[in-house]
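Below is a briefing on one structure, arranged by topic. Please read it alongside the sequence and the model.

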Amino acid sequence: MGAYLVRRLLLAVPTMAVVYTAAFLLVHATPGGPWDNAEKPLAPQVIENIRLKYHLNDPLWKQYLLYLNDALHGSLGPSYVNRARDVSEIIADFFPVSIQLGVIAMLFAIAVGIPLGTLAAVYRNTAIDYAAIGVVVTGISIPNYVMATILVTTLAVWLHWLPTGGWAGIWDIRIIIPMVAIGFRPATTLARYLRTSLLEVLGQDYIRTARAKGLAKRKVVIRHALRNALVPIATISGILVADVITGSFFVETITRVPGIGRYFVTATTGRDYPVLLALALLFAVIIITMNILVDLSYAVLDPQVRYA
Amino acid sequence: MSTLTQAGAPARRPARERRRYQRAYTRFKRHKMAVVGAVFLAGVLLIAAAAPMVTPYVYDRQDLFSTYSPASARHWAGTDSLGRDVLSRLMYGARVSMSVGVTTLLLVLAIGVPMGLTAGYLGGTFDLLLMRVVDVVYAIPYLLLVVLLQTFFTAFLPTVRGGPLVWLRALNQNTHGIAAIVLALSLIGWLDVARIVRGQVIGLRPREFVQAARSLGAGDRHIMWAHLLPNVMAPIIVMATVLIPNFIIAEAGLSFLGLGVQPPLPSWGTMIAEGIDSIESYPRLVIAPALVLAATLLSLNFVGDGLRDALDPVQERE
């Protein structure tokens with residue numbers, strides 16, 4: 001297991017290197033910056049000074065190594081727009097909010113998705129199954145920004161049950177709309193995969209044995225079937241995390257949550273390229289870490305899997 | 001030898017193919033939701049194609065004396081904050097969504113299918129390289145990459161002064177930024193197609209009909225295009241129905257963030273974003289594009305499900 005972890009971590013290095021190179025080249029190939037303002041052009045000397053300050057006149061390979069060195073030491077460079085602050089500081093400010101919201105949305109997805117998928121599989125081809133499939137289809141077809149706007153309109157504007165947006169920590173009712181909007185799609189993805197996986201497990205011999213020895217149906221489903229059906233589900237956690245990350249771009253913007261997703265959107269429209277690059281790297285690190293954790297969790301969930 | 005393959009197989013195949021697709025059509029018609037979805041989509045496509053002729057108003061015609069007017073005989077879906085006709089804008093939005101969905105799909109298939117066929121059939125270094133690229137790209141959220149590429153193209157294309165890319169700059173300008181979106185989406189999207197086609201081809205490669213063709217002396221190219229391609233058509237069609245909604249979601253998302261279609265050309269995503277500003281007082285400005293987008297995506301989903309069952313009856317029986 002230890003050796004496997006080391007190998008996975010070593011394999012993540014070239015992946016990360018390619019991601020860094022691609023993101024770096026793409027961001028540096030993008031011309032201009034926030035100082036290119038057609039209506040109020042800056043003096044050429046000012047632009048020259050800015051370029052000097054950010055080492056933009058250095059050869060590309062030098063910038064590439066300089067940034068890599070800084071990034072490995074935890075400094076992600078200055079922001080173009082927010083001149084006084086380092087990108088690392090910006091991340092430290094905005095990221096915790098997104099992590100809280102992301103984790104809560106993920107818990108919501110699990111709390112809704114697992115019962116939904118289980119019910120659909122256990123009551124296969126009944127009204128319950130069809131209702132669950134209906135919810136799943138809605139989740140697949142409706143993007144989170146549409147979901148968020150529908151929730152805000154109904155719950156906040158028409159019914160006045162909730163405020164239209166804002167953030168005051170995870171214990172505040174304002175978290176409900178972004179939580180549902182971000183978590184709904186992952187919940188339905190989870191339910192869909194779980195239904196398929198559970199249907200397969202429920203057809204196995206050992207389930208019939210467990211039923212035959214007189215165990216209650218509920219116990220069989222929860223103790224025997226669900227435990228085994230959840231193993232293949234772990235593979236899609238990567239997709240779910242990616243869904244939560246991209247969901248945060250839209251939902252945080254709509255519900256005015258001061259998180260990193262919303263900051264990312266501001267950075268793209270404001271052409272704040274260092275922030276763009278840093279956040280792209282951050283998101284890639286999260287996804288890669290998540291995938292490694294998922295593979296490791298196999299060993300815990302499935303005794304048949306042995307890592308040499 | 002090669003005359004044998006050419007004289008034997010293709011002569012009979014079209015008739016058999018036709019029968020297969022006829023059977024699929026009969027099975028498709030049994031899905032009520034899929035048929036409803038198909039009819040709705042046909043309507044959207046028709047409106048999208050004929051938008052300049054059928055819209056009651058020009059999409060950016062402002063009437064500052066009747067802003068935020070409710071639905072009436074003059075404006076069936078009311079007007080927005082600048083007094084523009086919402087119905088006309090929704091119709092043009094359909095044009096944007098559909099053209100992005102269809103063009104991106106065509107591009108993605110044009111690159112992904114040959115790549116997948118070659119990688120799956122020939123294997124070797126090319127296959128290995130392709131799979132490594134797929135691995136790396138899958139480590140980054142799809143939308144994040146698209147946003148980066150889209151930011152790049154929108155900033156880069158207007159700076160093109162000469163050379164082979166001038167036509168692209170003109171195209172992007174004339175389409176109000178649609179070309180940049182399509183480009184960003186296709187540059188990543190083809191990997192998905194290539195991966196799935198490759199998987200299918202690897203499954204087909206050891207089958208008898210491929211071995212038979214090879215032993216009769218058929219060349220690699222002939223086997224790929226005449227024998228393998230028809231057999232991966234069904235999964236490709238099913239995949240297309242999943243890809244189109246993804247592209248539409250991405251376009252509306254980019255436009256929602258202000259990165260996509262350049263105003264005043266309306267996209268459903270832009271309309272949702274504009275409506276959010278006045279959501280407290282005029283929620284219908286958000287609800288209208290949101291519902292149209294949701295209905296289109298749902299229809300695509302139903303049609304996709306119908307096609308999957310129609311083209312892949314084995315899976316249905318399970």
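In what order do the elements of chain A run from the N terminus on? They run α-α-α-α-α-α-α-α-α-α-α-α. This is a predicted model, in which local features need pLDDT of at least 70 and side-chain atom pairs count only at pLDDT 80 or more, while totals for chains, interfaces and linings use all residues. Residues are numbered from 1 along each chain as its sequence is written, and chains are lettered from A and ligands numbered from 1 in the order in which they are written.

**Chain A**
- Chain A has 12 helices and zero strands; helices (H or I, at least four residues) and strands (E, at least two) are DSSP runs, numbered from the N terminus.
- Its C-alpha atoms fill a box of roughly 85 × 60 × 30 Å along the principal axes.
- Of its 308 residues, 37% count as buried, that is, with 20 or more other C-beta atoms, placed from the backbone, within 10 Å of their own.

**Chain B**
- Chain B also has 12 helices and zero strands.
- The C-alpha atoms of chain B occupy a box of roughly 80 × 50 × 35 Å, taken along the principal axes.
- Of the 318 residues of chain B, 44% are buried.

**Interface**
- 37 residues of chain A are in contact with 36 residues of chain B, where contact puts C-beta atoms, placed from the backbone, within 7 Å.
- The elements of chain A that give two or more residues to this side include α1 (2-29), α10 (237-254) and α12 (273-301).
- The largest share, seven residues, comes from α6(A).

Key: Contact = placed C-beta atoms within 7 Å. Buried ≥ 20, exposed ≤ 12 C-beta atoms within 10 Å, placed from the backbone.
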